Structure formats: C-alpha cells, structure tokens
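Visitor: Could you walk me through this protein model, one question at a time? I am new to reading structures.

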Amino acid sequence: MEAGKGRRRMFGKKRDGRRRKTRTGPCGLVGRPQCASSTPRPQVCFPSSPCARPEQRKPGASPRGRRRPQSRLFFKPLLFRPRASLAIIMRGSSIVIPAGVSNALNALLFPFHRTRMTASGDPADAPGAERVRFAPSPTGMLHIGGLRTALYNYLVARKAGGAFLLRIEDTDRARFVEDAEEDILSALDWCGLDYDEGPGAGGDFGPYRQSERSDRYRPVAERLVEEGRAYYAFDTPEEIEAMRDENRSDANPQPKYGPRTRRKMNNSLTLPEEETQRLLDEGTDHVIRLKVPKDTGVKFTDEVRGSVSFSTNDLDDQVLLKSDGLPTYHLANVVDDHQMKITCVIRGEEWLSSTPKHKLMYDALGWTMPRVAHLPLIMSPHGGKLSKRDAQEGGIPVSLRDYRQQGYEPEAVLNFIALLGWNPGHEQEVFSLDELVEAFSLGRVAQSSAQFDLDKLKWFNEQHLHRLPPEEVAARSREAVQAEGFTPSEDYLTDVAALMQERITFADDLATDGAFFFEAPEEYEEAGVEKRWKDHSAALLRAFADRLEAADAFDAETVENHLRALADEKDVGAGALIHPARLAVSGRSYGPGVFSMMAVLGQERCLRRLRRAAEVLGEGES
RNA sequence: GCGGCCUUCGUCUAGUCUGGUCUAGGACGCCAGCUUUUCAUGCUGGUAACACGGGUUCGAAUCCCGUAGGCCGUGCCA
C-alpha cells in the first residue's frame, strides 16, 4: 500500500506549530482533524488517509504536544475539495486500483498535486514499513552535515521500526575518491549508526552501490524517450556552451537547455528519426534529457517546510543519462529510491531545488514519489558553508575524521548535531542515541539553517564524558595516555578517570591534565608556590610524610585524618598543609581533592613527592 | 539576474498553524553568588532577542502585504 506515502504529508502541514508559508492542499484538510483527536468520528475521508488507518501513522510525524481542538470547519473542506468528494465515493469500497491507473486518475484530476492514491498489494509496503536511506557520494571524507542527514534518517527508521539503508552514489567517475566509501562506513560505525541494508550489510534490494547497478538506469531513461517524456541529445559540451554564450544576457546569465532552446539543438526532437537512429547506431556520444514541460507548476509537500512550488520554466532539460552511459544523480536517485521502496527521502536543503525535477520524473514514470524532507544546512560560525578553511583556521571539526582526531566522543557529536536543527519540544538537552530515537520527529526539524557552535559542542562532550562510567573514560583515554609514554594498569587508570572525568573536556585530557598521576612533577607551578608555599611548609610536609609513613592504611579518609590531626598538633589551619601537599604531589594548585588524589597515588609515591617538594622548595620563596 | 527556502538573545532554540496566559521561556557563552581545602562539577541569580516598514484587529513574535538581509539552486557534480 503505497497509499501510506501520502499520509505523513497530510499531517505535515498542520500537525505541528511551525510556520508554513503555504498551506494549501486538499488532503491535509480532510484527514487531519480526526487524526489529531482520538474521538471517534464519521468515516468520511480518503481511504488511504490516516484516519482510515490510524495505527499506521508514522511516529516521525507525531504532532506536537498541543492537541488540536476539534475544528468546527471539519466538514467544510468536503464541500469544495475535489479529492474529498472522490473519497466519499470510494469510501468503504475495497477496490484495489493498480498504481498506474490511480496515478493517471490523480494526474487527471489534480495535475499539480502529487499522487496520493495508489494501491498495491506489495508486502514490502506493509504498515509501518518505513524505509529511509542515507545516500552519500564518495567524493571526500564524510562531512558533519552528511552525518546529521544519516542520523536523522536513522532516527526516523528506528523510531518507526522501519529500515535504514545506506546507498553509495558513485556515478561520478571524475570525482570519485578512493577511500571515501571506507571513511563513510567507518564514520557510521564509530557513531553506532548501524544500517539494515547497504554495502556489507546485505538486503533484498541490492546492490547498494550505484556503480554496481548501472544497467538499470538506461532502460528507464529509454522508456521515457519512447513515451515522449525524454529525448536523445547529441550536442557536444562546446555546442552547449556556444548556445549559452549566444543567449546569455544580463537578464539571463545562465541560459537553459530547455523548452525554448531545445528546438535549435541537436537532438531527437529536431533531427529526423532516421538520422537519430543512425547516430545511435554509430555509437555517437549522446545523453538523454528529460523533456521538461513548459509553463507548468510543480508542487509538492516537504515534511519540514510544507508546501513548495516551482515553475518548470526555471528548470532545464535535466540530463538523465550521461554520455559515459552512467546516470546522473537525478535519474539514479529516482530509480533507486523507487526500486528500493524508499518511503521518505531525508536529505540536505541543497536538494530542494532538484526536487521538482524528480517529481516530474516520478510522474512521467507513473511512480509515486516518496515523501521528502529537506534539512536546513549547517553553517560556519562566520556564515556561509562549513568549509575546510573553518577546519584549518578555526579549529572547527568539519569531517568526521576531524572529530575523531580532536577527541570528541561519538555520543556528544550525535547529540550536538541532533540539536542543530531539531529540538524535542521540551527542555531536555542531553540525549543518548536511544533517547534521540524516542524523542525525534521530522515535524520538529527547524526550517532555518544553524550555525556551528564550538563551545556548545565542547559542553556536550563534557556532559557525555561526565556520564560515562570511569572504566569507559579510562578505556577511551588509553591511547592518548600511552602516546604520552605512560602505561598505567587498568585499575589505576580507572581510579584516575574517576577523579578527573568531571574536570576534563576530552577523555584524552587525562593524559595531559592528569599526567602527574603517571609521573612525578619535575617543577611546581610558580603562581601556586608563590601563593601557598610558606616558610614552614617544608617542615610541615616532612612531618606529614613521616606520619603517613607509619600509617597502616592509605585511603582518602585516613590521609585526611592524619593531615587534620597534624594540623591540630602544629596549631595551623588545615589549609597550611593541604595546599602545599597538593603542590608537592601534583605540582599544581588545582585539581581533584588532595585526599582522594593521594589515596589514588598511593603511599609510596606520596611520601616521595612530599619529601622531594620539601627539599626543592625548601624554606619558602615568599 | 532568475527561482526557491529562510529570518526570535552573540550562538542553538521554545513560542507562530489555533492572535491575548509572552513584562518572550530554556540551553551554550559571559558575569556574580552559594557549596568547597584548590580547580572543576553542581546549584542560584544576572546579561542579552521577536530583521525593517505598512496593514488587519480591542489586542500581533504570532495573520496579510511590502522591503531588506542570509542561504541554496541555476552542470553530461552530487
């Protein structure tokens, strides 16, 4: 039941509180009010609408917290909405309409609306079978924006109990980058975004690399040619450039290969049939272009933006099949999404203007376009796209590889990007991946682009680090600790992590901020010495060391008791001992509590450090 | 140029559909205080925004029109 595909849209427009510029569209008005309320209502609606099958409503489309009061306008749309009347006629009947017929019917009745009413008995379209995909192109290292797209797809799939697919869009041989695919795979793996179908994961709709399904595209393009919806074009790049040069003007700096110019070009529309055939037979380089209709509106509903419309006059005759025989993104994307039974396309906003082309193709092919959701872009803190320069000059991680290298935790990265363009509608900010799945809905995705905020990312990293069990923090810091030349035991490193984790930003900081746990300080922080080291400090520390040497236990409490007892004995404040002891033991004037720090360090190390400090710092520098 | 999308504290955002409860809420950052042997955490408080101009209305962040700005697209790239 492809019918489900139109459903979310009906909600999309009104279901939440977002501003939607245009809110026309008959179905939304028909289906919505009932669905927003649990009150039983008369069954007057489109057979495929949500009210007919409430259990099928996708969780991703869940409305905002606020319940919509039952509208007094409920029956009004029925009076003048053509689709609604159709619904009434069909209500209760169980006729199954073949997709092609229903598409044609819809196209006839509602030329500018996407098809909503299709019916088929395909089990892959079972209720709740949401199928979404992340379709990166292996042209470089995975970008943070790409990861966010993957995340949102993942969230939608998991929440709906559907499938998350990974498809590699490698149709551009010129921009292909050798290790890009591997980088994508390892990035997803690092984040824990597992996919159900894709390279290496199998699936019933493979292969999942477009280069491996290249024989599937030409027949589709040729079918469009046969049906008069596309045509062969033999123009060389130079000829096209010449046409553009000729037509270029201030008013039209980028002339199109379209309805107005295609008549003058070298293609199967202008050439005699035999000539076209001859060129084809001779294997002349050619492309297949979509024949974009003139003066036609193309309208669709975007899950995050509501209704969006374009005029075909702003589109050019999109190349579908390139002269190397490979499909362009547009063709491959449409064919694959259809063949893989994708129910919702979630991608970056840069694709919004391509969507009308896709819509035209779906319509020409008699296929139902999946729902679409265009995500707002992630911008650099300086405005504009997040670029390599931001990474190099601003220290801003851009590719996932940067995040890893800079020591960010995957949980934090996911949490941060999830909230860059989406919010749960309540005040929770720190989320685990599972919690994100639970809370996510496409309807709460923002429409405006978001600037990257490094401080906030760091804050998220701290938050997640604080919540991790010490053993885990220890494990994650291991590599960095070892890189510094330290090889602490697992237990010891865990104890250190427990003390340090709430005062570091990255797990790796354990190796630097906690270095004194692994090697004795050589020098003592100057400002600290100046402030805390007094004339009597050396003597006090020696006495403290002696006392500790005789202690039979060395836990934090024991150390503290001894220190306080000694302070009493010597008639000084505890601070007179505490601060110099910290300096002695860590070389610093700040850090974890001295007692627990000393307990972790152990008796032997502490005695040595206490005495050495007394030696080196002597009778006071101040 | 044209087309589309977007516009609430410095930043991420709630609120906009269904106008009053918004003297606009939360978070990051920053500042101050509390807790504390230090630092940090934690907690409390403070700082700071409805792009602009018209209109509709008793009432507009919210609806309408316009303007400005930003972004994306405008390829045999994806």
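Guide: Gladly, and a definition comes first: a residue is buried under 20% relative accessible area, exposed over 50%, and partly exposed in between, using a 1.4 Å probe and protein chains only. This is a predicted model, where local features need pLDDT of at least 70, side-chain atom pairs count only at pLDDT 80 or more, and totals for chains, interfaces and linings use all residues. Side-chain values use heavy atoms, leaving out hydrogens and water, residues are numbered from 1 along each chain as its sequence is written, and chains are lettered from A and ligands numbered from 1 in the order in which they are written.

Visitor: Is Cys 191 buried or exposed?
Guide: We compare its relative accessibility with the cut-offs above. The value for Cys 191 is 6%, so this residue counts as buried.

Visitor: How many disulfides are there?
Guide: A disulfide is a pair of cysteine sulfur atoms within 2.5 Å. By the sulfur rule, the number of disulfides is zero.

Visitor: What share of chain A is buried?
Guide: Chain A has 622 residues. Applying the burial cut-off to the chain, the buried share is 53%.

Visitor: How many helices and strands does chain A have?
Guide: Helices (H or I, at least four residues) and strands (E, at least two) are DSSP runs, numbered from the N terminus. Counted this way, chain A has 26 helices and eleven strands.

Visitor: How many salt bridges does a search of the whole structure find?
Guide: A salt bridge needs a side-chain nitrogen of Lys or Arg within 4 Å of a carboxyl oxygen of Asp or Glu. With that rule, the search finds 34.

Visitor: Which residue forms a salt bridge with Asp 337?
Guide: The closest N and O atoms of this pair are 2.9 Å apart. Asp 337 sits in helix α11 (residues 329-339), while its partner, 170 residues apart, is in the loop between β2 (163-166) and α7 (180-191). The partner is Arg 167.

Visitor: How many residues apart in sequence are the parts that Glu 349 and Arg 305 tie together?
Guide: Their side chains meet in a salt bridge, 3.6 Å from N to O. Glu 349 lies in the loop between β8 (344-348) and α12 (355-365), and Arg 305 in the loop between β5 (297-302) and β6 (306-311), so the pair ties together parts whose separation in sequence is 44 residues.

Visitor: Is Arg 476 buried or partly exposed?
Guide: Arg 476 and Glu 409 meet in a salt bridge of 2.7 Å, N to O. Glu 409 is buried, with a relative accessible area of 4%. Arg 476 has 23% relative accessibility, so this residue counts as partly exposed.

Visitor: How do α11 and α12 lie relative to each other?
Guide: Axes are lines fitted to C-alpha atoms, for helices over the stretch in contact, and angles run from 0 to 180 degrees between N-to-C directions. Angles under 35 degrees count as roughly parallel, over 145 as roughly antiparallel, 65 to 115 as roughly perpendicular and the rest as oblique. These two helices pack at about 55°, with axes 10 Å apart. That makes α11, relative to α12, oblique.

Visitor: Which residues of α12 make the contact with α11?
Guide: Contact means heavy atoms within 4.5 Å. On the α11 side, the residues include Tyr 329, Leu 331 and Asp 337. On the α12 side, they are Lys 357, His 358, Met 361, Tyr 362 and Leu 365.

Visitor: How are α18 and α19 oriented to each other?
Guide: α18 and helix α19 (residues 490-500) have axes 8 Å apart and pack at an angle of about 110°. Therefore α18 and α19 are roughly perpendicular.

Visitor: What is the phi of Asp 571?
Guide: Most residues other than glycine have a negative phi. Asp 571 is in the loop between α23 (556-570) and α24 (575-586), and this residue is exposed, with a relative accessible area of 69%. Although Asp 571 is not a glycine, its phi is positive, about 60°.

Visitor: What distance separates the C-alpha atoms of Glu 502 and Arg 467?
Guide: Glu 502 is in the loop between α19 and α20 (509-513), and is exposed with a relative accessible area of 56%. Arg 467 is 35 residues apart from Glu 502 along the chain, and their C-alpha atoms are separated by 9.0 Å.
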